[in-house]
Amino acid sequence: AGKSRRLVARMFARSVYKISEMSFMAWRGHTKVKGEERRVAMRRVAKRLGNFQLYRSFNAWRSSVLERRRLRVAARRVIARVSAGGTARAFITWRDVTVDGKRSRVVVGR
């Protein structure tokens, strides 16, 4: 009976050791995976920070181009209005001169 108890106790101790070893190996594997995930995440963050400066510069350039385009369109409209106004004034002046010329001829012809 004493031998069988020792045998059972030894088997129990081995199973406990095996469970402990398996638990440790699982923890180590998990930690290794987490460490690699952390390294990958840190690389990704560093890359994003580097890209962020590039992204900000690109967005500033893009905004500048869009603003310049908007101002160019607005300037074109203003020039068209001013030009059309000058053309209209020139036409009105020409018409007034022509009408005055006809009146003058009529008056002189009497």
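**Exercise 1.** How many salt bridges does the structure hold?

*Solution.* The model is predicted: local features need pLDDT of at least 70, side-chain atom pairs count only at pLDDT 80 or more, and totals for chains, interfaces and linings use all residues. Residues are numbered from 1 along each chain as its sequence is written, and side-chain values use heavy atoms, with hydrogens and water left out. A salt bridge is a side-chain nitrogen of Lys or Arg within 4 Å of a carboxyl oxygen of Asp or Glu. The structure holds five of them.

**Exercise 2.** Describe the salt bridge of Glu-67 with Arg-70.

*Solution.* Step 1: the closest N and O atoms of Glu-67 and Arg-70 are 2.6 Å apart. Step 2: both residues are in helix 1, three residues apart, which means a separation of about one helical turn. Helices are DSSP runs (H or I, at least four residues), numbered from the N terminus. Step 3: Glu-67 has 35% relative accessibility and Arg-70 has 48%. Buried means under 20% relative accessible area, exposed over 50%, and partly exposed in between (1.4 Å probe, protein chains only). Glu-67 is therefore partly exposed, and Arg-70 is partly exposed too.

**Exercise 3.** Describe the salt bridge of Arg-39 with Glu-36.

*Solution.* Step 1: the closest N and O atoms of this pair are 3.2 Å apart. Step 2: Arg-39 and Glu-36 lie three residues apart in helix 1, about one turn. Step 3: Arg-39 is partly exposed at 44% relative accessibility, and Glu-36 is partly exposed at 36%.

Notes:
Helix = DSSP H or I, 4+ residues; strand = E, 2+ residues; numbered from the N terminus.
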